[in-house]
Amino acid sequence: MEQYDTRIDAYIEKSADFAKPILKHLRELVHRASPEIMETIKWSAPFFEYNGILCHMMAFKQHLGFGFWKADTLPDPHHIAPGRRGGCREHGSHLLARRLAR
């Protein structure tokens with residue numbers, strides 16, 4: 001299985017212009033964490049796997065999201081992960097970025 005998936009390249013290229021550099025940066029950060037992380041498409045979105053689903057990213061017209069699949073199993077010493085303080089955790093922790101109006 002290849003580490004990089006050309007379908008992710010296509011997904012990023014079809015995304016809104018504001019999201020492209022953010023998605024590229026997130027992808028780079030994920031792969032910098034481990035050379036063993038693999039990419040795939042699930043539910044029409046980019047997912048990253050390492051011994052199962054690790055995280056995912058999704059782009060929309062005016063925002064994008066990035067989430068850890070099993071956020072409650074990850075260390076969070078600074079208590080910054082959304083959803084870890086009594087929120088819904090079974091779907092992971094999600095970070096959102098919104099396009100700023102110009």
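Figure 1. The threshold for buried is under 20% relative accessible area, and for exposed it is over 50%. The closest N and O atoms of K20 and D17 are 3.3 Å apart. Side chains of opposite charge can pair when their charged atoms come close. The structure holds seven salt bridges, and the K20 and D17 pair is one of them.

**Figure 2. R27 and D9 link two helices.** The side chains of R27 and D9 meet in a salt bridge at 2.5 Å, N to O. R27 belongs to helix α2 and D9 to helix α1. The two residues are 18 residues apart, and the pair links distant parts of the chain. R27 is buried, with a relative accessible area of 9%. D9 is partly exposed, at 36% relative accessibility.

**Figure 3. R27 also pairs with E39.** Here the side chains of R27 and E39 meet in a salt bridge, with an N to O distance of 2.6 Å. R27 lies in helix α2 and E39 in strand β1, residues 38–42, so the pair ties together parts that are 12 residues apart in sequence. E39 counts as buried, at 2% relative accessibility. Salt bridges with shared partners join D9, R27 and E39 into one network.

**Figure 4. The largest nonpolar core.** This core has 15 residues. Those touching the most other members are A19, L23, V30, F48, M57, L64 and F66. Which elements give two or more residues to the core? They are α1 (6–14), α2 (20–33), β3 (53–59) and β4 (63–68).

**Figure 5. S34 in the loop between α2 and β1.** S34 sits in the loop that runs between α2 and β1. Is S34 buried or exposed? S34 is buried, with a relative accessible area of 16%. The S34 side chain reaches the backbone nitrogen of E36 at 3.1 Å. Leaving aside residues up to four places away in sequence, S34 touches Q3 and Y50.

**Figure 6. Two loop residues with positive phi.** S44 is not a glycine, yet its phi is positive, about 65°. S44 lies in the loop between β1 and β2 (45–49). At 62% relative accessibility, S44 is exposed. N51 is another residue other than glycine with a positive phi, near 55°. N51 is found in the loop between β2 and β3. N51 counts as exposed, at 75% relative accessibility.

**Figure 7. Confidence along the model.** The protein averages a pLDDT of 81. Of the residues, 75% score at least 70. Among the elements, α1 has the highest mean pLDDT, 98. Strand β5, residues 93–98, has the lowest, 55. Over residues 84–92 the pLDDT is below 50. Beyond near neighbours in sequence, this stretch has 15 contacts in the model. Where pLDDT is low, the predicted coordinates should not be read in detail.

Methods:
Residues numbered from 1 in each chain as written. Predicted model: local features only at pLDDT ≥ 70, side-chain atom pairs only at ≥ 80, totals over all residues. Heavy atoms only, no water. Core = buried A, V, L, I, M, F, W, Y, C linked by side-chain atoms within 4.5 Å. Buried < 20%, exposed > 50% of the residue type's maximum accessible area, 1.4 Å probe, protein only. Helix = DSSP H or I, 4+ residues; strand = E, 2+ residues; numbered from the N terminus. Salt bridge = Lys/Arg side-chain N within 4 Å of Asp/Glu carboxyl O. Polar contact = N/O pair within 3.5 Å; in protein donor to acceptor, adjacent residues only side chain to side chain. Contact = heavy atoms within 4.5 Å. pLDDT = per-residue confidence, 0-100.
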